[in-house]
Amino acid sequence: MVHAPGGIRCPDCAQMRRPPMYELDATHYLRAAAVAIPAAALIGVIAAILLPPSPFAGLLRLALGGLGGAAAGSLVAAALERATNRKRGTTMQAFAAAAIAGAFGVRLVISGDFDLVLQDVAGAVFFVIGVIVAWNRLA
């Protein structure tokens, strides 16, 4: 006997499989990559304009970093969901985290301040909160 979500069943009737929202094929991976790369570039450009890297971490900059990260994570997760027919799971979470990391990289490349990578606290808040929000939305 197997304990299935619908009750106790025999092994033949249980047919334990993953839910369809977690089953991905090659086209879903391609669509996710096709959405994540431009999203990372666009969010990186916007973040470079609105929140340029700086060694100063005032309360306003930290708040902007947190709000910007939450918005970026939500936008990336929503775009990935829409492009892949609401697919979720660890792979989609990895695509979202890579998109946020790419946006962080684009932001640094546009600003040209590579020396500020370790001193940019607002950028780190943007990155961490963006990844957390996107990760949780695609769980």
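Author: Two packed helices are described by the angle between their axes and the distance between the axes. Here the axes of α2 and helix α4 (residues 90-111) come within 7 Å and cross at roughly 30°, where helices are DSSP runs of H or I with at least four residues, numbered from the N terminus, and axes are lines fitted to C-alpha atoms over the stretch in contact, with angles from 0 to 180 degrees between N-to-C directions. This is a predicted model, in which local features need pLDDT of at least 70 and side-chain atom pairs count only at 80 or more, while totals for chains, interfaces and linings use all residues. Residues are numbered from 1 along each chain as its sequence is written, and side-chain values use heavy atoms, with hydrogens and water left out.

Reader: Which residues of α2 and α4 meet?

Author: Among them, Tyr-29, Ala-36, Ile-43 and Ala-47 in α2 meet residues of α4 that include Met-92, Phe-95, Val-106 and Ile-110, contact being heavy atoms within 4.5 Å. The residues of this contact of α2 with α4 divide into 16 nonpolar, three polar and one charged (Ala, Val, Leu, Ile, Met, Phe, Trp, Tyr, Cys and Pro count as nonpolar, Asp, Glu, Lys and Arg as charged, and the others, Gly among them, as polar).

Reader: How do α2 and α3 run relative to each other, roughly parallel or roughly antiparallel?

Author: The axes of helix α2 (residues 26-50) and helix α3 (residues 59-83) come within 9 Å and cross at roughly 155°, and α2 and α3 are therefore roughly antiparallel, a term for angles over 145 degrees. Arg-31, Val-35 and Ala-39 are among the α2 residues that meet α3, where Val-76 and Leu-80 are among the partners. The residues of the contact of α2 with α3 divide into 10 nonpolar, no polar and one charged.

Reader: What can be said of α3 and α5?

Author: The axes of α3 and helix α5 (residues 121-137) come within 7 Å and cross at roughly 30°. The residues of the contact of α3 with α5 divide into 12 nonpolar, seven polar and three charged.

Conventions: Helix = DSSP H or I, 4+ residues; strand = E, 2+ residues; numbered from the N terminus. Parallel < 35°, antiparallel > 145°, perpendicular 65-115°, else oblique.
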